[in-house]
Amino acid sequence: MDKMINLQNLSKAFGETKVIRNISFTIEKGEVLSIIGPSGSGKSTMLRIITQLERADDGMLEVDGDTLFRSIDGKAVYDKENERKIGLKTGLVFQSFNLFPHFSVLRNVTEAQKAVLKRGKAEAEDKAMALLRKMGLEDKAKMYPYQLSGGQQQRVSIARALALDPKILFFDEPTSALDPELTREILHVIRGLAEEKMTMAVVTHEMHFAKAISDNAIFMDGGVIVEEGTSLFSDPKEERTRKFIASFENE
Amino acid sequence: MASLIMQMLEGTVTSLRIFFLTLLFSLPLGFVVAKGKMTTIRPIRWITDLYIQIMRGTPLILQLIFFYFAPFYIFGASYDRFTACIVAFVVNYSAYFAEIYRSGLQSIDRGQHEAAKVLGFTKPYTFFHIVLPQVIKKIMPALGNEVITLVKDTALAQTIGVAELFRVAQTASSRQFSTIPIFIAGLFYFVMNYIVSRLFAVAEKKLDYYR
Ligand SMILES: Nc1ncnc2c1ncn2[C@@H]1O[C@H](COP(=O)(O)OP(=O)(O)OP(=O)(O)O)[C@@H](O)[C@H]1O
Ligand SMILES: [Mg+2]
């Protein structure tokens with residue numbers, strides 16, 4: 001029972017296009033998994049299935065010991081009872097931040113605590129301020145998202161996700177909308193979380209970063225896992241992995 | 001003179017009643033229509049679409065006449081002019097408001113819904129606390145235009161004999177061989193719309209704290 005994520009034989013198609021083909025992997029508690037791969041390989045779709053923004057077609061998924069769906073007669077059958085429970089255990093940080101523009105920074109971080117977890121105002125605000133402080137944003141609490149830089153907005157969105165005490169946090173290209181300097185800001189934050197043993201799965205194109213923080217890594221292409229293990233960064237076994245990694249070398 | 005002022009006041013009250021009753025019913029009904037136009041259930045979407053096309057594609061005058069006379073020809077029963085007038089205005093304006101709401105709803109980034117879902121907000125909570133406030137801000141300018149048009153459109157109610165301000169003014173003008181009553185009516189529409197546009201300006205300013 002040390003697995004945070006146990007995903008087996010996941011498949012997903014959009015219409016006729018198979019986007020995920022029979023993917024399996026596990027994430028141990030406290031582990032950081034990085035997911036790399038070319039555009040259209042199904043990385044986002046996979047995260048979106050685990051965070052319940054998309055439905056699986058077939059396969060089995062357990063999150064922290066609870067089953068979200070299992071395969072029955074070649075179809076993913078969801079366990080309705082667990083959907084919400086698992087949803088509360090998983091957090092997702094988007095590439096485009098998706099902060100709520102009409103809420104202040106503080107309210108972005110307190111709203112779900114109050115409305116979803118039913119925490120009191122004082123408790124939610126204490127929690128939010130502690131997280132904002134951790135993100136180096138305590139002086140921005142009263143501002144609105146449009147007044148912040150992209151890096152600051154992304155840090156708010158990380159605080160917003162952490163405020164609900166997720167068991168595992170997913171990142172979908174959290175730095176792709178940011179310039180190199182702001183990217184470093186965010187990578188620094190994620191690295192800090194890794195040091196605290198936060199369980200995370202990160203889709204990223206930052207190879208050096210991924211190599212540095214990952215306990216495990218998967219390389220996806222065409223909806224399948226081509227190669228798994230952190231050795232794929234330094235010593236890729238598969239030709240496709242080698243080519244992909246090499247394309248980042250001259251950056 | 002005193003009776004003229006009394007008549008014009010009564011006409012003004014009638015115009016204002018048309019205005020407020022239309023808003024009272026069509027602002028919320030427009031939401032229902034917008035939902036109908038956005039549903040995945042095809043027959044409902046088609047019917048809603050046809051309804052909006054007809055309301056936008058034909059003159060309001062014609063719709064007023066239709067709603068006043070149709071019940072008589074169909075059921076052999078007639079109802080009072082004022083009610084017919086309100087029905088026509090509400091049915092017409094709901095269609096216009098629906099299109100405004102729809103464009104507002106569609107302008108909200110999908111990421112807002114997804115972030116709300118991942119954070120565990122329920123659908124109603126997401127609608128009322130995340131989506132709706134942003135929609136209201138987005139549609140304010142279009143809504144303002146439509147409400148200003150409504151103020152002027154109330155004058156069309158005279159087509160089916162409702163004694164609203166403009167009809168009273170016209171009658172008074174021809175009786176007294178003077179255009180002054182019509183100018184007084186014009187002043188009313190101007191002042192009314194001045195107030196409406198000020199109110200919308202204030203609302204837009206209030207919502208200006210974020211982008
Ligand atoms: N809602 C959808 N409807 C139809 N096709 C979709 C949908 N979402 C994704 N796809 C398709 O599924 C495939 C995988 O998309 P996905 O976003 O998972 O890739 P990705 O690995 O995240 O790529 P990127 O690096 O560009 O973000 C793509 O071919 C994409 O066009
Ligand atoms: Mg993606």
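Visitor: Hi! Where do I look first: at what angle do the axes of helix 5 and helix 6 of chain A cross?
Guide: Hello! This is a predicted model, and in it the axes of helix 5 (residues 150-162) and helix 6 (residues 180-195) of chain A cross at roughly 25°, coming within 8 Å. That makes helix 5 of chain A roughly parallel to helix 6 of chain A.

Visitor: And is that crossing of helix 5 and helix 6 of chain A left-handed or right-handed?
Guide: The crossing of helix 5 and helix 6 of chain A is right-handed.

Visitor: Which residues meet there, between helix 5 and helix 6 of chain A?
Guide: From helix 5 of chain A come A:Gly150, A:Gly151, A:Gln152, A:Gln154, A:Arg155, A:Ile158 and A:Leu162, and they meet A:Leu182, A:Glu185, A:Ile186, A:Val189 and A:Leu193 of helix 6 of chain A. The residues of this contact divide into six nonpolar, four polar and two charged.

Visitor: Let's switch to sheets. In what order do the strands of the five-stranded open sheet of chain A run?
Guide: The order is 2-1-4-5-6, and the pairing is antiparallel.

Visitor: Which strands stand at the edges of it?
Guide: Strand 2 (17-28) and strand 6 (75-78) of chain A do; each has a single partner strand, so one side of each is left without a neighbour in the sheet. On average, neighbouring strands of this sheet are turned by 20° against each other, direction ignored.

Visitor: How many bridges join strand 4 and strand 5 of chain A?
Guide: Three bridges, in the antiparallel sense, join strand 4 (residues 58-63) and strand 5 (residues 66-72) of chain A. If you want a pair to click on, A:Glu62 has A:Thr67 in strand 5 of chain A as its bridge partner.

Visitor: What about strand 5 and strand 6 of chain A, how many bridges there?
Guide: Strand 5 and strand 6 of chain A pair over four bridges, also in the antiparallel sense. A:Ile72 stands opposite A:Lys75 in strand 6 of chain A. The hairpin of these strands has two residues between them, and A:Asp73 takes a positive phi near 50° there.

Visitor: I clicked on A:Ile35. Buried or exposed?
Guide: A:Ile35 is buried, because its relative accessible area is 0%. A:Ile35 sits in strand 3 of chain A. Leaving out residues up to four places away in sequence, A:Ile35 touches residues including A:Met46, A:Leu47, A:Val202, A:Ile218 and A:Met220.

Visitor: How many residues of helix 3 of chain A are buried?
Guide: Nine of its 11 residues are buried, and helix 3 (residues 105-115) of chain A is mostly covered. Among the buried ones are A:Val105, A:Leu106, A:Val109 and A:Ala112. The cover includes helix 4 (121-134) and helix 5 of chain A, together with helix 5 (110-119) and helix 6 (123-153) of chain B.

Visitor: Over to chain B, then. How do helix 2 and helix 4 of chain B cross?
Guide: The axes of helix 2 (residues 42-57) and helix 4 (residues 81-107) of chain B come within 9 Å and cross at roughly 110°. That makes helix 2 of chain B roughly perpendicular to helix 4 of chain B. The crossing of these two helices of chain B is left-handed.

Definitions and conventions
Residues are numbered from 1 along each chain as its sequence is written. Chains are lettered from A and ligands numbered from 1 in the order in which they are written. This is a predicted model: local features need pLDDT of at least 70, side-chain atom pairs count only at pLDDT 80 or more; totals for chains, interfaces and linings use all residues. Side-chain values use heavy atoms; hydrogens and water are left out. Axes are lines fitted to C-alpha atoms, for helices over the stretch in contact, and angles run from 0 to 180 degrees between N-to-C directions. Angles under 35 degrees count as roughly parallel, over 145 as roughly antiparallel, 65 to 115 as roughly perpendicular and the rest as oblique. A crossing is left-handed if the near helix is turned anticlockwise from the far one by less than a right angle, and right-handed if clockwise. Contact means heavy atoms within 4.5 Å. Ala, Val, Leu, Ile, Met, Phe, Trp, Tyr, Cys and Pro count as nonpolar, Asp, Glu, Lys and Arg as charged, and the others, Gly among them, as polar. Two strands pair if DSSP finds at least two bridges between them. Buried means under 20% relative accessible area, exposed over 50%, partly exposed in between (1.4 Å probe, protein chains only).
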